[in-house]
Amino acid sequence: MEHIKAVIFDLDNTLLDRTTTFRRFAERFMKHYFSHIESADLDLLLERLIVLDEDGYKNKPVLFAELLNEFPWNKERNKPLVDDLMEYYAENYVISAVLMEQAEEVITHAKGKYKMGIITNGRNAVQYGKIDHLGIRDHFDVILVSEEAGSKKPDPRIFQLAMERLNVRPEECLFVGDHPINDVEGAYILGMHTIWMKVNQPWSENNTAKPLHTIHQIQELLSIM
Ligand SMILES: [Mg+2]
């Protein structure tokens, strides 16, 4: 990795354990709104909520509208509106954030050797909220959220903006992410080196990217970098 000057990470399901984070939020949500449901059924509803979330790739207002249609809301209480659920989400999702196991070791290790970046798709309040809840903001030279960048992965512009700010060329960058298109293909097409972190997203036949490595856990980077 002598030619690499910067490591750029995706956030959700790369540094942050998004699967566990959403599950923790979902448990809170179910307890809050569905205390009238008995526990066996509650477990089924919890799993259904996790399926409907589609690994975070569904817009939250759409998800919450579906829940309002499908779920057995308490008839003795006023049924919430999509806006009420969005407000609950804004207050309770960020505080559910957890890092991947050994992500801190990986960050500390990489920080000693490379410039550090994060490029993440999403809203500023949610993404920075999670980053600050995890206390990792200061470890990174550049953090770009798609909302503030005005473009989202795999659009080359968000990668280019990060490279400008890090003052590096694509071939000097290693991009680590879980999404085959948004992360791996997007970075690869620009000429970055890539590592695919296989979590929930399947590889697509349309991908042309050739990642240097495929990993299943972030700590595998300790021996690669
Ligand atoms: Mg991701």
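The buried residues of H4 pack against helix H1 (18–33), H3 and H6. The model is a predicted one. The buried set in H4 consists of Leu85, Tyr88, Tyr89 and Asn92. These residues cover an arc of only 100° around the axis, which puts them on the same side of H4. On the other side of H4, Asp83, Glu87 and Glu91 are exposed. An α-helix has 3.6 residues a turn, so residues three or four places apart point the same way.

**Leu63 in H3**

Helix H3 spans residues 60–70 and contains Leu63. Leu63 counts as buried because its relative accessibility is 0%, the cut-off for buried being under 20%. Leaving aside residues up to four places away in sequence, Leu63 touches Phe22, Leu49, Leu52, Asp53 and Lys58. Leu63 and Gly117 are 54 residues apart in sequence, and their C-alpha atoms are 30 Å apart in space.

**Nonpolar cores**

The largest nonpolar core has 32 residues, and Phe9, Phe140, Ile218 and Leu221 have the most contacts inside it. Elements that give two or more residues to this core include strand E1 (6–9), strand E2 (115–120), strand E3 (142–145), strand E4 (173–177) and strand E5 (193–197). Helix H5 (103–111), H6 and helix H10 (221–224) also belong to that list. H5 gives the most to this core, with four residues.

A second, separate core has 24 residues, among them Tyr33, Phe34, Leu52 and Leu67. Leu52 is also one of the residues that Leu63 touches.

Phe9, in the largest core, touches Phe140, Ile218 and Leu221, among others. Its contacts beyond four places in sequence also include Thr14, Leu15, Val106, Met116, Gly117, Ile118, Ile119, Phe175 and Val176. In soluble globular proteins, nonpolar side chains tend to be buried together.

| Nonpolar core | Size | Residues in it include |
|---|---|---|
| Largest core | 32 residues | Phe9, Phe140, Ile218, Leu221 |
| Second core | 24 residues | Tyr33, Phe34, Leu52, Leu67 |

**The largest pocket**

The volume of the largest pocket is about 690 Å³. Its lining is made up of 28 residues, and Gly56, Tyr57, Asn121, Gly122 and Arg123 lie nearest its centre. H3, helix H4 (82–92), helix H6 (124–134) and helix H9 (180–190) are the elements that give two or more residues to the lining. H6 gives the most, with three residues. By residue class, the lining divides into twelve charged, ten polar and six nonpolar residues.

Technical notes:
Residues numbered from 1 in each chain as written. Predicted model: local features only at pLDDT ≥ 70, side-chain atom pairs only at ≥ 80, totals over all residues. Heavy atoms only, no water. Buried < 20%, exposed > 50% of the residue type's maximum accessible area, 1.4 Å probe, protein only. Contact = heavy atoms within 4.5 Å. 1 Å grid on protein atoms, 1.4 Å probe; cavity = no way out; pocket = protein on both sides within 12 Å on 5 of 7 lines; lining within 4 Å. Points joined across faces, edges and corners; volume = space filled by probe spheres on them. Nonpolar A, V, L, I, M, F, W, Y, C, P; charged D, E, K, R; others polar. Arc of directions from axis to C-beta. Core = buried A, V, L, I, M, F, W, Y, C linked by side-chain atoms within 4.5 Å.
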